[in-house]
Amino acid sequence: KNLVFIGLISLVDPPRMAVPGAIADCHTAGIRVIMVTGDHPFTAKAIGRKIGLITYDTVEDVAEKNNVPVESVDDSQVKAVVVHGNNLIAYKQSDWDRTLSKT
């Protein structure tokens, strides 16, 4: 009680200008680029798209396009993946194989 909302602040930390070009050069050279970040998965996905790292649909994208729950999406429809770091601790080899098989 008796609290007053004073304001809200936002911070933008955009990727460096050279990053999209560097990623494109890596892809052209056949180098696979994987981003590891401490950002929230939604933020990581947005940054990945902005820099040209995520160019295919994630499971969330497929679910949204088909208006179905994420759990019902067939893994074969998914070509990009964003994994929260907390999930990695429980990863089995099959999880790594599935995740790393995505383009």
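Modeller: Let us start with the backbone nitrogen of threonine 58, which lies 2.9 Å from a polar atom of the side chain of aspartate 61. The model is predicted, so local features need pLDDT of at least 70 and side-chain atom pairs count only at pLDDT 80 or more, while totals for chains, interfaces and linings use all residues. Residues are numbered from 1 along each chain as its sequence is written, and side-chain values use heavy atoms, with hydrogens and water left out.

Colleague: With which side chain does the side chain of aspartate 61 make a polar contact?

Modeller: A polar contact is a pair of N or O atoms within 3.5 Å; within protein, one must be able to donate a hydrogen and the other to accept it, and residues adjacent in sequence count only if both atoms are side-chain atoms. Here the partner is the side chain of arginine 49, at 2.2 Å. That pair also meets in a salt bridge (a side-chain nitrogen of Lys or Arg within 4 Å of a carboxyl oxygen of Asp or Glu). It links distant parts of the chain, with aspartate 61 in helix 3 and arginine 49 in helix 2, 12 residues apart.

Colleague: Is aspartate 61 buried or exposed?

Modeller: Buried means under 20% relative accessible area, exposed over 50%, and partly exposed in between (1.4 Å probe, protein chains only). Aspartate 61 counts as buried because its relative accessible area is 13%, whereas arginine 49, at 34%, is partly exposed.

Colleague: Which residues are in contact with aspartate 61, leaving aside its neighbours within four places in sequence?

Modeller: Contact means heavy atoms within 4.5 Å. By that rule, aspartate 61 touches Lys45, Arg49 and Tyr56. Lys45 and Arg49 also join Asp61 in a network of salt bridges.

Colleague: Which residues of helix 3 are buried?

Modeller: Helices are DSSP runs (H or I, at least four residues), as are strands (E, at least two), and both are numbered from the N terminus. Helix 3 covers residues 59-66, and its buried residues are Asp61, Val62 and Ala63. They pack against helix 2. Just after helix 3, asparagine 67 takes a positive phi of about 55°.

Colleague: How many salt bridges does a search of the whole structure find?

Modeller: Side chains of opposite charge can pair when their charged atoms come close. The search finds five salt bridges. Among them, aspartate 75 pairs with lysine 102, the closest N and O atoms being 3.1 Å apart. Aspartate 75 belongs to the loop between helix 3 and helix 4, and lysine 102 to the segment after helix 5 (93-100), 27 residues apart. Lysine 102 is buried at 9% relative accessible area, whereas aspartate 75 is partly exposed at 33%. Another bridge joins aspartate 57 to lysine 65 at 2.8 Å.
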